[in-house]
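Come and look along with me.

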Amino acid sequence: MKVEVLFPEVCSLYGELGNIRYLQQSCPELEVIETDIKSRPAFLDQDVALVYMGSATEEGLALAAEALRPYRAELESAIEAGQRFLVTGNALDIFGRSVTGDDGFSLEGLGLFDMEVRYQMLKRTSSFFLGSFEGMDIVGFKSLFGYCYEAGLEEPFLRCIRGEGREPGAPVEGFCRKNFMATHLIGPLLVLNPSFTRYLLQQMGAENIRLAFEEEAMVAYEKRLAEFRDERINFHF
């Protein structure tokens with residue numbers, strides 16, 4: 001069983017490669033393919049159970065978009081055929097029509113989702129997030145300069161319980177199309193959410209799953225979940 005990490009040299013801004021290490025520790029037979037920015041993605045030619053991509057700087061996003069642009073049609077076909085993706089942080093921004101910033105930053109997206117992303121570079125939003133996916137509570141953190149607009153018809157990945165959605169006041173977060181899952185949540189999403197990690201491994205075809213540090217991960221998850229549910233705590237920080 002293979003997992004492909006797209007462009008780890010630029011797409012690991014918030015320690016998201018920890019997600020892959022946790023998958024490896026929980027499923028020792030997992031083979032990890034790290035595809036650099038100049039190489040053809042392996043999932044286009046091989047059986048890959050999961051394609052993963054994490055956050056980047058604005059310059060890194062531009063590099064990642066240009067690296068994928070030659071394969072746009074193949075990428076779209078793979079998504080429609082059910083290829084499984086997990087995209088975290090601002091990496092999801094390049095899959096829309098465009099990214100623009102109030103500092104003059106401009107990036108043509110891949111146009112796979114009907115949305116525009118607008119950055120306000122002097123107004124970073126940092127918050128915790130509590131949402132739901134397939135009956136599971138999902139906890140995490142967000143740190144972003146902007147939001148997704150004109151995306152109302154796109155299927156969401158998460159339903160918001162507390163925290164920022166796709167745009168201010170939106171009840172949903174991220175995007176989901178077939179097995180393509182994208183979220184603005186950052187950092188070790190899988191470490192923070194052991195139940196979701198188990199679900200993901202099952203969907204990938206793993207059997208007899210024993211998560212690494214499972215008891216400790218569940219204790220930490222339950223404690224964080226209780227804190228995030230506490231209405232006395234402001235979700236912005």
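**Entry 1: ground rules.** Before sorting a lining by class, I wrote down that Ala, Val, Leu, Ile, Met, Phe, Trp, Tyr, Cys and Pro count as nonpolar, that Asp, Glu, Lys and Arg count as charged, and that the others, Gly among them, count as polar. I noted that this is a predicted model, where local features need pLDDT of at least 70, side-chain atom pairs count only at pLDDT 80 or more, and totals for chains, interfaces and linings use all residues. Residues are numbered from 1 along each chain as its sequence is written, and side-chain values use heavy atoms, with hydrogens and water left out.

**Entry 2: the largest pocket.** I looked up what a pocket is here: on a 1 Å grid over the protein atoms alone, it is an open set of points where a 1.4 Å probe fits, with protein on both sides within 12 Å along at least five of seven lines, and lining residues have an atom within 4 Å of a point. The largest pocket has a volume of about 170 Å³, volume being the space filled by probe spheres set on the points. It is lined by 17 residues, and the closest to its centre are Tyr14, Glu58, Asn90, Ser143 and Phe145. By class, I found seven nonpolar, six polar and four charged residues in the lining.

Which strand gives the most to this lining? I found that strand E9 (residues 136–144) does, with three residues. Strands (E, at least two residues) and helices (H or I, at least four) are DSSP runs, numbered from the N terminus.

**Entry 3: the sheet with E9.** E9 belongs to an open sheet of four strands, in the order E9-E8-E11-E12, with antiparallel pairing. E9 and strand E12 (172–173) stand at the edges with a single partner strand each, so one side of each has no neighbour in the sheet. Two strands pair if DSSP finds at least two bridges between them.

I followed E8 and E9 next: nine bridges join them in the antiparallel sense, and Ser127 has Lys142 in E9 as its bridge partner.

Helix H6 (residues 214–229) lies across E8, E9 and E11 and runs at about 70 degrees to E9. Angles run from 0 to 180 degrees between N-to-C directions, with axes fitted to C-alpha atoms, for helices over the stretch in contact. As for cover, seven of the nine residues of E9 are buried, where buried means under 20% relative accessible area, exposed over 50% and partly exposed in between (1.4 Å probe, protein chains only).

**Entry 4: Leu192.** I found Leu192 in helix H4 (residues 189–192). Is Leu192 buried or exposed? Leu192 is buried, with a relative accessible area of 10%. Leaving out residues up to four places away in sequence, Leu192 touches Val139, Gly140, Phe141, Tyr221 and Arg224; contact means heavy atoms within 4.5 Å. Leu192 and Arg224 are 32 residues apart in sequence, and their C-alpha atoms are 8.7 Å apart.

**Entry 5: the other sheet.** I then turned to an open sheet of four strands with the order E6-E5-E7-E10 and mixed pairing. Strand E6 (106–108) and strand E10 (146–149) stand at its edges. Strand E5 (residues 98–101) and strand E7 (residues 116–119) pair in the parallel sense over four bridges, with Gly101 opposite Tyr119 in E7. Helix H2 (residues 58–68) packs on this sheet, touching E6 and E7, and its direction makes about 20 degrees with that of E6.

**Entry 6: inside H2.** The buried residues of H2 are Glu58, Gly60, Leu61, Ala64, Ala65, Ala67 and Leu68. Their cover includes strand E1 (2–6), strand E3 (50–53) and helix H3 (72–80). I checked Ala64, which counts as buried at 0% relative accessibility. Neighbours within four places in sequence aside, Ala64 is in contact with Phe7, Cys11, Ile37, Met53 and Ile94.

**Entry 7: two positive phi values.** Most residues other than glycine have a negative phi. Phe7 has a positive phi of about 55 degrees and lies in the loop between E1 and helix H1 (17–26); at 0% relative accessibility, Phe7 counts as buried. Glu134, in the loop between E8 and E9, has a positive phi near 50 degrees, but Glu134 is exposed, with a relative accessible area of 62%.
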